[in-house]
Every structure is written in C-alpha cells, then in structure tokens.
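I am opening these notes to keep track of what I look up, one topic at a time. Each entry records what I asked of the model and what I found.

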Amino acid sequence: MSAIVVIILALAVWLGSWALNEYLVRLKPAGPAAERQIGFAVPAIFGICLLALWELLARGLAIPEILLPAPSIIIEAALNALPIIGIDVWQTVFKEVLPGYVIGCGAGLLAAFVIDRSPFLKAGLLPLGNLVSALPIVGLAPIMIMWFGFEWQSKAAIIVTMIFFPMLINTITGLAASGHMERDLMRTYAASWPQTLLKLRLPAAWPFIFNALKINSTLAMIGAIVAEFFGSPSVGMGFRISTEMGRMNTAMVWAEILAAAIAGSLFYGIVALIERKVTFWHPSVRGGQR
Amino acid sequence: MTTLRTKVWPILAVLVVIIAAWYAAALIMNRTLAVEEAARKGEVLTTGAMWLKSYSMDKPLLPAPHQIVKEIWNSTATMSITSKRSLVYHAWITLSATLLGFALGTALGIALAVGIVHNRAMDKSMMPWVIASQTIPIMAIAPMLIVVLNAIGISGLLPKALISTYLSFFPVVVGMVKGLRSPEIIQLDLMHTYHASRTQVFWKLRFPAAIPFLFASLKVGIAISLIGAIVGELPTGAVAGLGARLLSGSYYGQTIQIWAALFVSSIVAGLLVFIVGGIERLVYRMMGARPEATA
C-alpha cells in the first residue's frame, strides 16, 4: 500500500465519521432513551475514528514501532504483560495513591474545620493556599524520597503535600456557601457550632468538597507516577514506564500508560459517582440547567 | 488601614509561624547528622555548637531558609547569567518552554472552544474526550513524548513545550466554552434583532463575554504549563532547566541545590500568575470596566 492510498483512506475514515456525527446530532430523537443513545454514540464514534486513524497511519505509513506502535500492538503487549501490569497497579494505586489520597484529603478537611473557626487564620492561610496550588510541588519528590525512603511512604507524602491545599481551599469556600438566612435560622434554633456544621454548612459544602476530591484524584495519580521516576522499589507504574523507555520497549510503555489511564479514569469515575449520590439536589446533577 | 489589619497582618503572622517551624524542624532533623559527623572527628559538641552546625551543613536533611536564600543569591546575582551553574540560565530554559507551550495550548484551547460552541457535532463528539483526557495521569506521557521526539530528531524546546501545551489546553477549552456560552438568551436575541451575522455575534458579544472566563483559565494554565515544563526536563538526563537541577541535586544529594531550584520555580510561578493578573486588569480597563468591578 503506498503512502498516498493510506492518506486518502485516512481522510475518508475521518470525513465519513464526521458526516455520520453531523447526521446523528441533527436527528430529532424520539424520546429521552433515544437521546441518551445518541449522546453515547457520537463520542464513541469519534473515539473509534481516532483509533482507526491511528492504526491505519501507524501501519500504512510503516511508522517504526519504537516511535508509535499501533493500538493493536499496544493491546497485545498489555494482554501479554497482564501479571506485571497488575503488580504495578497494585503497588502504585493501592499502596501509594490510596493512602496518600485518604490522608491528604482527610487532613485538608480537618484543617479546614479548624481554620474555619478563626477569621484571622482564614485571612492568613487562604492567599498562601492559593499561591501554593500554583507551585510545582511535584519537585519536592526527590526530597520526600530522601526523607521517607523508596517505599510507598515517600509517594504518599508527596501526594499529601500536593492535595492538601486544594482540599483546604475548596472546603473553606464551601463552608461559606450556605446563605445568611439559613445560618440565621440555625441560630434561632439555638443550634450549636457542630450542629450547624453537620446539618447546614457541610451539606452545602459537598459540591465544593467533591470538586476538590475530583481534582485530587488526578493529582494523586500524577504525584505517585512522577515520584516513582525519582526512585522506587523495582515495581510500580512510574518505575515501569521509565525502565521500559530506557530499553526502548515502547509498546510496553504505552500498555502501562493505557493501564494508568484506565486506573485514573476509574478513580475519577468512582468519585464522580459518589458525588452524584451525595449531592443529588445540586442543579448540575439534577440536569435542571445546561 | 483596614486592609492592612485584615489582609497583611494575618499573612505575615502565618509566614512567621512557618519560618519558625522550619527552623525548628531543620534543627531536629539535622541534629543527629551533625552530632554523628562531629563524633566521627572525635569532637563532642556543646549545645550552641550543635545548633550552629545544624544550620550550616553542606548536605543537610532540611536546609535552613537562610542557607537556601544564600544559595539562590550565589547562583543568580554573583554569576554571569550564561554560566551553566547560574539559576537564571536554568530558569530561562524552563521559562521559554513554558511560554511556548502556554501560547500553543491557549491557541489550541481557544480554537477548540470556538469550534465546540459553533458546531454541535464537535461539541457532542469532543467534549467527553477533552474531559477524559484530563483524568489520565498526563505526566506519565511526558518521558515518552520526550524520548520519542528525540528519536525523530526533534529535541530541545519543542518536546517540553508540547507537554505544557497538553496540560494547559484543557482549562482554556473548558473555561472558553463556558464563557462563549455565557451570553444570555435575551442578549443573543438582541443581536438577532440587529440582524447580526454569526461573526458579528462572536466578536461583539460572545468573545467579550468570555474574557473573564479566559483569564481565570489562563491563570490555571500558566501554572500547570510551568509544572509540565519542569517534569518534561526530568527524563532528558539532567541537561538544563529547573527540572534538571532538581534531578542532578537528587542524584548527588545536594539538598540545598534542590531547595534553591524549588524556590526559584515557585518565584517564577508566582511571577507568571501575577503577570497574567496584571494583563487581565489592563484588558478590563481597556474594555471599559469600572475599577471597583475589577478589584
């Protein structure tokens, strides 16, 4: 197959799927079920089209496997190395990300409750917190590895530093989200501070807290993987990516990235699912507005 | 005066507490190291000497703030900026990749957002993937991209910039889509009664309405562009840039060098966000916003 034919084929695939999508979004759906099906089909077609283009171009133009392996080769590599990837996921996600995520989010939440009681601390910590979230905290990774060793503790520590301030800031903003009227009402009930917190302010803060939980889920994955570049026991996704890259085993690197993407998306998806259950009253969940 | 009392004092107080805690932590963490080192030479340290030593070690576990400031001063002010040991040189390498990536990411983000707002098929097919692309731990792709692009002969600035691009396009797309959709129906109807074309609606209504959203996204975008550029420098084997300083510092246990690089990158990050904020205020004023509305 010559290069020209491949490129023409690729263009045809692209234009064809685009035309299909243009047709689909113009359909008048018969009911909510049909509308949901179209809403699912359109991005799916786009994704499949991208994969098809990738496969076609990688194979048709004979791009060396070291540069860009075709999706089929990546999936084959992933299936062949399933046990290794499983061990890496266990190390990175369950031994590093989860402890760090729980400790960091918990600490941020508790700190927010404490700081919330003092306007002075709030005025002092909020600007600093905003500054810190713009800083390249990942750079602390070598120092944390020096302090806590190569095992999961150093990765958990870097994750905690990365996600503490997003959690803190979002929670403090959320705790201020309940209205004056509602807080006055709680006061007329002679509600104590914990009662007001539990029954009014925390429920009002959930959307903000979940926002932080979602941001932090991706930050935590990034923190663990990047920290593993600096040093880790000979297992873990970041470790595998850097060593397989050194051996120019690109298909394995992509397989590991695929695993990281799936793990990251699942993590995010689970948090988003819990959010829908907890903040069922929020307009963005009810679908009241677009 | 109320701003001084309600805004400046709390921040200063928190800063003082942090620095005090830092000195205390440095003493506790470096103490055993200092005592061990003295014991190896057969000396017994008095309390005062131990304190002094804890704060002036070459490779401490946690350098004291004044040591970091001194290192930054030594590697910026007392050196020619073209020297390989100057932090200004390394900061510039990272900064140029950051800015290039940020510019590309912003342009890509705005282009995508315009397409998404004006074409329903693009909206439906791309938005879920744009969001999904961010749940992927992107940094995992960084070393990949660098090595692959090196293999086909593209090295230096562009690969790092591409990582920054990937990271910074997302907030811009999301913010701009929100912003371009922010005009209310009544305003769009007014444009309709003027018989305005789609281009006119875009330039006279949608784009100005999206400016506040754009700047909010740009502030997020420039910060993660810098992080992307720093992480992008890690796998290249510590040649140049702030990320390379971090890596070589961690290879040779030069903690003061690591902290100095971290401080400089923090200063750069703060400056970049500050500059974007300044441009934001300038643009608001040019668009005729009242001063109190921008404060």
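This is a predicted model: local features need pLDDT of at least 70, side-chain atom pairs count only at pLDDT 80 or more; totals for chains, interfaces and linings use all residues.

**Entry 1: the core**

I began with the largest nonpolar core, which has 125 residues, and I noted those with the most contacts inside it: A:A141, A:I159, A:I163, A:A255, B:M176, B:A223 and B:L226. Helix 9 of chain A, residues 193-230, gives the most to this core, with 16 residues.

**Entry 2: helix 6 of chain A**

Which residues of helix 6 of chain A are buried? In this helix, which covers residues 141-148, I found A:A141, A:P142, A:I143, A:M144 and A:I145 to be the buried ones. These buried residues pack against helix 7 and helix 9 of chain A, and also against helix 10 and helix 11 of chain B. Just after helix 6 of chain A comes A:G149, for which I wrote down a positive phi of about 85°.

**Entry 3: a helix pair in chain A**

Next I followed helix 4 (residues 82-116) and helix 7 (residues 152-175) of chain A, whose axes come within 6 Å and cross at roughly 35°. The crossing of helix 4 of chain A with helix 7 of chain A is right-handed. I sorted the residues of this contact by class and got 20 nonpolar, four polar and four charged.

**Entry 4: where the chains touch**

How many residues does each chain bring to the contact? I counted 47 residues from chain B and 45 residues from chain A. On the side of chain B that touches chain A, the elements giving two or more residues are helix 1 (2-40), helix 5 (120-135), helix 6 (141-151), helix 9 (198-233), helix 10 (242-251) and helix 11 (255-286) of chain B. Helix 5 of chain B gives the largest share of that side, with 10 residues. By class, the side of chain B that touches chain A holds 34 nonpolar, 10 polar and three charged residues.

**Entry 5: domains**

For chain A, the assignment I consulted gives domain 1 (3-63) and domain 2 (78-286), and the C-alpha centres of these two domains of chain A lie 35 Å apart. For chain B, the assignment gives domain 1 (2-61) and domain 2 (87-294), with 38 Å between their centres, taken over C-alpha atoms.

**Entry 6: one leucine in chain B**

I looked up B:L108, which sits in helix 4 (residues 87-118) of chain B. Not counting residues up to four places away in sequence, B:L108 touches B:T165 and B:F169. B:L108 is partly exposed, because it has 16 other C-beta atoms within 10 Å.

**Entry 7: two positive phi values**

Most residues other than glycine have a negative phi, and I therefore noted two exceptions here. A:A190, which is not a glycine, has a positive phi near 60°, and this residue lies in the loop between helix 8 (180-188) and helix 9 of chain A. Is A:A190 buried or exposed? A:A190 is exposed, because 7 other C-beta atoms lie within 10 Å.

B:H195 also has a positive phi, of about 60°, although it is not a glycine. I placed B:H195 in the loop between helix 8 (185-193) and helix 9 of chain B. B:H195 counts as exposed, because it has 7 C-beta neighbours inside 10 Å.

Notes:
Residues are numbered from 1 along each chain as its sequence is written. Chains are lettered from A and ligands numbered from 1 in the order in which they are written. Domain bounds come from an automatic or database domain assignment. Helices (H or I, at least four residues) and strands (E, at least two) are DSSP runs, numbered from the N terminus. A residue is buried if 20 or more other C-beta atoms lie within 10 Å of its own, exposed if 12 or fewer, and partly exposed in between; C-beta atoms are placed from the backbone. Two residues are in contact if their C-beta atoms, placed from the backbone, lie within 7 Å. Ala, Val, Leu, Ile, Met, Phe, Trp, Tyr, Cys and Pro count as nonpolar, Asp, Glu, Lys and Arg as charged, and the others, Gly among them, as polar. A nonpolar core is a set of buried Ala, Val, Leu, Ile, Met, Phe, Trp, Tyr and Cys residues joined through C-beta atoms within 7 Å. Axes are lines fitted to C-alpha atoms, for helices over the stretch in contact, and angles run from 0 to 180 degrees between N-to-C directions. A crossing is left-handed if the near helix is turned anticlockwise from the far one by less than a right angle, and right-handed if clockwise.
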